[in-house]
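The following paragraphs provide a guided reading of one structural model. Please keep the sequence and the coordinates in view while reading.

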Amino acid sequence: MVSKWEGYVDWRNRPAMKGRHGGILAAFFVLAVEVMENLAYLANASNLVLYLSKHMNYSPSRSAIIVTNFMGTAFLLALLGGFLSDAFFTTYHIFLISAAIEFMGLLVLTIQAQIPALEPPHCSPTATNTGCGEVAGGKAAALFIGLYLVALGVGGIKGSLPPHGAEQFDENSADGRKKRSSFFNYYVFCLAFGALIAVTFVVWIEDNLGWQWGFGVSTLTILLSIPIFLLGSSTYRIKVPAGSPITTIFKVLVAAICNKFFPRKPSNAIMNMETSPSTSKETQDLKFLNEAITSNPLHRQLECNTNQVEEVKIVLKTIPIFASTIMLNCCLAQLSTFSIQQAATMNTSLGSFTVPPASLPVFPVIFILVLAPVYDHIVVPFARRVTRSEMGITHLQRIGFGLVMSIVAMAVAALVEVKTRQVAIQHGLMESTDPLPITFLWIAIQYLFLGSADLFSLAGLLEFFFTEAPTSKRSLATSFSWASLAVGYYMNSVLVSVVNRVTGLSGHAPWLIGPNLNHYRLDRFYWVMCVLSGLNFLNYLFWARRYKYRSSS
């Protein structure tokens, strides 16, 4: 007799059956869709900073801030997608809704790029910033409506698709857990594969045929991802929503505070057994939360059991790890902002072929495509034999290695910018907008380090939050990986503004302002990032060394 998967249904809301639902085939559809989704998103995000500066007449620093805010919002909205997947809908339905929203946003951007009347007047390269009017009015409204519809759709997909794929494996078996770990590695691989097509083929189309064609390719791609996802419907096992995870967290916190400061005389033992059922024992971590467990709460709605309290403890203990990865993602924001603008000021020729600056992320992407299978099939099995543990390399070790790589990347970026600035001065090109006589391949060095940081940190974070979170909160918890990216992008915008304000005091020229990137002091900015990343790594070590994995708690 075929047994059921407890807590799971199929796409028609019938009980999911073992041997019929879930497994590698179901996860394959998720990975295929992720290639298409990331292609559609990154094709525009990677080149957006140039689109805004050249077609919408924004300054380089203003363009960088718009891009980081857009990408930050997209990743932050993953929390909404994860919350809705856990609480009311399912990962299956949230993906379909989100893909439709992203399609509408890309359609708006395609129409704007196609119709000249919806763009501001074109500015010549010799025009000053004041002479080039930024996009405004209804044209600006169309731009930002399109961008933030895309952000909303991307957020929903990022919050639902990774947990949907991870849920296809049986966590109660060692084989299922190993396959789930491989899924996260190949999820990042598929992200990179979609990015490879985006930053080569689609970016070439945008630069040579026009942005309307680039947006059009992205629009068609996200539209095609929907029927491909639906093709796997009969294979999926879909987790049943368990109600709002945020409600439980707030209830435990409020109950602990109320019972601590407004204690009431407890009822008899029998009442306690009836009102506080649990299948686990109270732990001594975050002991103040144990105050939430009482037989006589101030209000019946504040009644908590041991399971609820322990689940909230798990969530709270992951917050310092989450916070420690924000600075890393602030560094990763450079991949789509100043690094691309730097490359645009350099010689981007390889023989007779000219490489579009927005295609620079191809270097970390190729590195990830090579490293991800090597890591999964060679490094991890070797580590498992050496450590005689199921994980081999722990999630926190992977994240820590990513943090170290981000520190090295910022140091390399600073040194490369020093060299670039020296070339501009030696050839008298500080006031010119002509390409500098230095190859863009110097920028590729920092991209390789940032690519390795991205691979280790993102895959480690996704698996860490998914495996450590309570079953009812997994989609929301996994979304914290993307929220870390979001806060990192926002922090990058804040850092740029703070650095300009501080360095502009006493009549000095701010480091990161003006239409000519040759005047920027990016070298100093990158050294600041390097120092902050080093301090952040020390903070991470403090929390990581004290963290106890859920399985060992």
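Which residue stands opposite Met 346 in strand 7? The residue is Leu 436. The coordinates belong to a predicted model, in which local features need pLDDT of at least 70 and side-chain atom pairs count only at pLDDT 80 or more, while totals for chains, interfaces and linings use all residues. Residues are numbered from 1 along each chain as its sequence is written, and side-chain values use heavy atoms, with hydrogens and water left out.

Strands (E, at least two residues) and helices (H or I, at least four) are DSSP runs, numbered from the N terminus; two strands count as paired if DSSP finds at least two bridges between them. Strand 7 spans residues 436-439 and has a covered face, made up of Leu 436 and Ile 438, whereas Pro 437 and Thr 439 form its uncovered face.

A further sheet is open and consists of three strands in the order 2-1-3, with antiparallel pairing. Its edge strands, each pairing on one side only, are strand 2 (15-17) and strand 3 (238-239). Strand 1 (residues 4-9) is joined to strand 2 by two bridges, and Lys 4 stands opposite Met 17 of strand 2.

Among the helices, helix 14 (residues 362-387) contains a kink of about 45 degrees centred on Tyr 375. The bend at a residue is the angle between axes fitted to the seven residues ending there and the seven starting there. Tyr 375 is also one of the buried residues of helix 14, a list including Ile 368, Leu 371 and Asp 376; buried means under 20% relative accessible area, exposed over 50%, and partly exposed in between, with a 1.4 Å probe and protein chains only. The cover over these buried residues includes helix 7 (174-208), helix 15 (395-426) and helix 16 (441-468). Just after helix 14, Arg 388 adopts a positive phi of about 55 degrees.

Helix 18 (residues 522-544) contains Asp 523. Asp 523 counts as buried because its relative accessible area is 7%. Leaving aside residues up to four places away in sequence, Asp 523 touches Ala 414, Glu 417 and Val 418, where contact means heavy atoms within 4.5 Å.

Confidence remains to be considered. The predictor's confidence in each residue is pLDDT, from 0 to 100; the protein chain has a mean of 84, and 93% of its residues reach 70 or more. Over residues 269-279 the pLDDT is below 50, and this stretch has 15 contacts in the model beyond near neighbours in sequence. Where pLDDT is low, the predicted coordinates should not be read in detail.
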